[in-house]
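Here is a protein model to look over.

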Amino acid sequence: MIRKAQMNDLEEICKIYTLARQFMIQTGNPNQWKDGYPEKKLLVEDIQSQQLYVYETNQIHGVFALIIGEDPTYAYMEQGHWLDDSTYGTIHRIASDGTMPGFFTKVVDFCFQQNLTFTD
């Protein structure tokens, strides 16, 4: 089940991001999410903005941010342009504990059910 994250999920969410950072280091990607990214402050803001989601069965196994509407990351593009002014969604900060095969597919399927155009 995918649902919006709540403040009482924060400890489990932080554990998942720690696991993801460790996995990236072990698999040769030490520069992604270094220095504790994403910071707890950002996660709190995501929860308060209702744009952080968790995937859970009997416990939380994954987390991601779904930003609907203008995303500051894409306010400026060096090459290309938007095809139109449709509302879009962007997936950011996706991570799992590695125990649930197909997590990414579940996230993408969930996001497509929101009837948006996606950039990431």
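The questions below set values against definitions.

This is a predicted model, in which local features need pLDDT of at least 70 and side-chain atom pairs count only at pLDDT 80 or more, while totals for chains, interfaces and linings use all residues. Residues are numbered from 1 along each chain as its sequence is written, and side-chain values use heavy atoms, with hydrogens and water left out.

Q: Why is aspartate 9 called buried?
A: Buried means under 20% relative accessible area, exposed means over 50%, and partly exposed lies in between (1.4 Å probe, protein chains only). Aspartate 9 has 7%, so the residue is buried.

Q: Where is aspartate 9 found?
A: Aspartate 9 is in the loop between strand E1 (2-4) and helix H1 (10-26). Helices (H or I, at least four residues) and strands (E, at least two) are DSSP runs, numbered from the N terminus.

Q: What does the side chain of aspartate 9 reach?
A: It reaches the backbone nitrogen of glutamine 6 at 2.8 Å.

Q: Which residues does aspartate 9 touch, not counting residues up to four places away in sequence?
A: They are Arg3, Lys4, Val54 and Ile60. Contact means heavy atoms within 4.5 Å.

Q: What makes aspartate 46 buried?
A: Its relative accessible area is 2%, so aspartate 46 falls in the buried class. Aspartate 46 sits in helix H2 (residues 40-48).

Q: Why is the link between the side chains of aspartate 46 and arginine 93 called a polar contact?
A: A polar contact is a pair of N or O atoms within 3.5 Å; within protein, one must be able to donate a hydrogen and the other to accept it, and residues adjacent in sequence count only if both atoms are side-chain atoms. The two side chains are joined at 2.7 Å, so the distance meets the cut-off. Arg93 is also among the residues that aspartate 46 touches.

Q: Which residues of H1 are buried?
A: They are Leu10, Ile13, Cys14, Ile16, Tyr17, Ala20, Arg21 and Met24.

Q: Why do the buried residues of H1 line one face of the helix?
A: Seen down the axis, they fall within an arc of 160°, so one face holds them. The arc is that of the directions from the helix axis to the C-beta atoms. On the other side of H1, Glu11, Phe23 and Gln26 are exposed.

Q: What do the buried residues of H1 pack against?
A: They pack against H2, strand E2 (52-56), strand E3 (60-68) and strand E4 (88-96).

Q: What makes tyrosine 53 buried?
A: Tyrosine 53 has a relative accessible area of 7%, so the residue counts as buried. Its place is in strand E2.

Q: How far apart are tyrosine 53 and isoleucine 94 in sequence and in space?
A: They are 41 residues apart in sequence and 9.4 Å apart in space, C-alpha to C-alpha.
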